[in-house]
Amino acid sequence: QGPVIIAGAGHAGFQLAASLRQNGFSERIALVNDEGHLPYQRPPLSKAYLKGTGGPDTLMFRPEKFYHDQNVDLITDRAISIDRGARKVLLASGASLEYGHLVLATGARNRLLDIPNANLDGVRYLRSLDDSEALRHRIASGQHVIVIGAGFIGLEFAATARAKGLEVDVVELAARVMARAVTAEISEFSQSQHAAAGIRIHFGVQVTSIENDGGRVTGVSLSDGRHLQADLVVVGVGVLPNVELAAEAGLPVAAGIIVDELLLTADPNISAVGDCALYASPRFGGSLRLESVQNATDHARCVAARLTGDAKPYDGLPWFWSDQGPDKLQMVGLTTGYDQVVVRGDRGAGAFSAFCYKSERLLGIESVNRAGDHMFGRRLLAANRSITPEQAADASFDLKGALT
Ligand code: FAD
């Protein structure tokens, strides 16, 4: 079979190397890592790590010894091109690696703001450990931050900055927070929580330029003519999948690297996993590209199984979480396209779930501080089962009993 080369050492790349060895794969594994750190977890970068005082070692999946013990070559370099005929990956250092199978786990990068002065030093993004480190220092010395984009990362950052005592304004073009990802029920709750914490959210407006004084950020101009003051701007307007390596090698790409239900590209010797992969989903009957730890790690396990003799279509159930201030949001399933939302629990007490239905069939559950509902949803939906909207609405209905 030959060596497995993995381009990208994020959640998907790391998990693939670990799972291959767990499954008994005995040939060479090389994990090409273009960040100057041991492979690490990203979710804490906008949560506990940003808020806390721990060092980078608190984020690492495994210590350096793990790679040595597992005989995984962790190579600090960047994959810059693929020679598919010769089955070689060329690295930025000039070295090249021969592969039996190549896995693209290149993730995604921040979508950059394209407005005047967006490249000033006081305009920041949050994707990497280095980004989070830099923001920690800026939060410690800053007074007023403007967050552009009320998505998960923007709101997590906003809540942390506010908890650290900064003035926080959030600017969002849509009419509600996390509009593309969650139901109005969850958005409304989240908005009221952020408002109660003293965060101001401005809806239906765009930032049109960054204002500065000799290169130092002083605020932003908005599309409705207003100006907001700030000494720091943090941008969270989504990501772009890293597809260039695949595209330049002639592999089909669209809104991600196109892979089939086995997560194989058009080349039978190359797979793609995680944030960069646009995969054919038998479960949902279309193409999906998701950005979550669940998606990255389950993709990796699926490819590791195939490379060790157990090929099966990818059938992972999507789930996700977001910690915002004191609240834990948890999502399971894909809730787009619902025609009915049933609320279970107590909105006033800040612990409830939105059960999303299409034609009386449960699509997914979005929970706030209701871990039990989330875990129920993971088990129920993984088994391709449903409960009725009436049962979901009935507080006395026994969810656990419905699983047996
Ligand atoms: P990545 O983790 O992005 O890893 C890709 C790696 O490949 C990177 O290190 C990149 O530098 C490297 N790379 C790119 N090109 C090359 C190349 N040519 N050669 C070598 N290396 C290359 N998900 C959740 O489920 N829950 C959360 O609460 C959550 N919070 C998040 C908070 C933040 C701040 C961020 C940024 C993300 C969060 N996510 C969360 C999303 C989650 O982290 C991603 O979905 C996950 O990291 C995807 O894993 P991946 O391996 O596909 O990509």
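Select V343 and A354 to begin, and you will find that V343 stands opposite A354 in strand β25, where a strand is a DSSP run of E with at least two residues, helices being H or I runs of at least four, and both are numbered from the N terminus. The model you are looking at is predicted, and in it local features need pLDDT of at least 70, side-chain atom pairs count only at pLDDT 80 or more, and totals for chains, interfaces and linings use all residues. Residues are numbered from 1 along each chain as its sequence is written.

Now show the whole of β24 and β25, which run antiparallel and are joined by seven bridges; two strands pair if DSSP finds at least two bridges between them. These strands form a hairpin with four residues between them, and G350 in the turn has a positive phi of about 75°. How many of the eight residues of β25 (351-358) are buried? Six of them are buried, so the strand is mostly covered, a residue being buried if 20 or more other C-beta atoms lie within 10 Å of its own, exposed if 12 or fewer, and partly exposed in between, with C-beta atoms placed from the backbone.

Follow the chain onward from β25 to β26, where a second hairpin has two residues between its strands, and S359 in the turn has a positive phi of about 45°. Seven bridges join these antiparallel strands, and Y357 stands opposite L362 in β26. Next select β23 (327-333), which runs antiparallel to β26 (361-368) and is joined to it by five bridges; here M331 stands opposite E366.

Four bridges join β11 (167-172) to β12, and the bridge partner of V170 is I201.

Zoom out and colour the chain by domain, using bounds that come from an automatic or database domain assignment: domain 1 (4-109 + 239-307), domain 2 (112-235) and domain 3 (326-402). The centres of domain 1 and domain 2, taken over C-alpha atoms, are separated by 30 Å. Twelve residues of domain 1 are in contact with twelve of domain 2, contact meaning that C-beta atoms, placed from the backbone, lie within 7 Å.

Finally, select the ligand, which is surrounded by 35 residues, the closest being G8, G10, R42, G107 and G274; a residue counts as near a molecule if its C-beta atom, placed from the backbone, lies within 6 Å of it. The elements giving two or more residues to this shell are α1 (11-22), α8 (293-307) and β22 (319-324). Domain 1 and domain 2 each supply at least three residues to the shell.

Terms used. Two residues are in contact if their C-beta atoms, placed from the backbone, lie within 7 Å.
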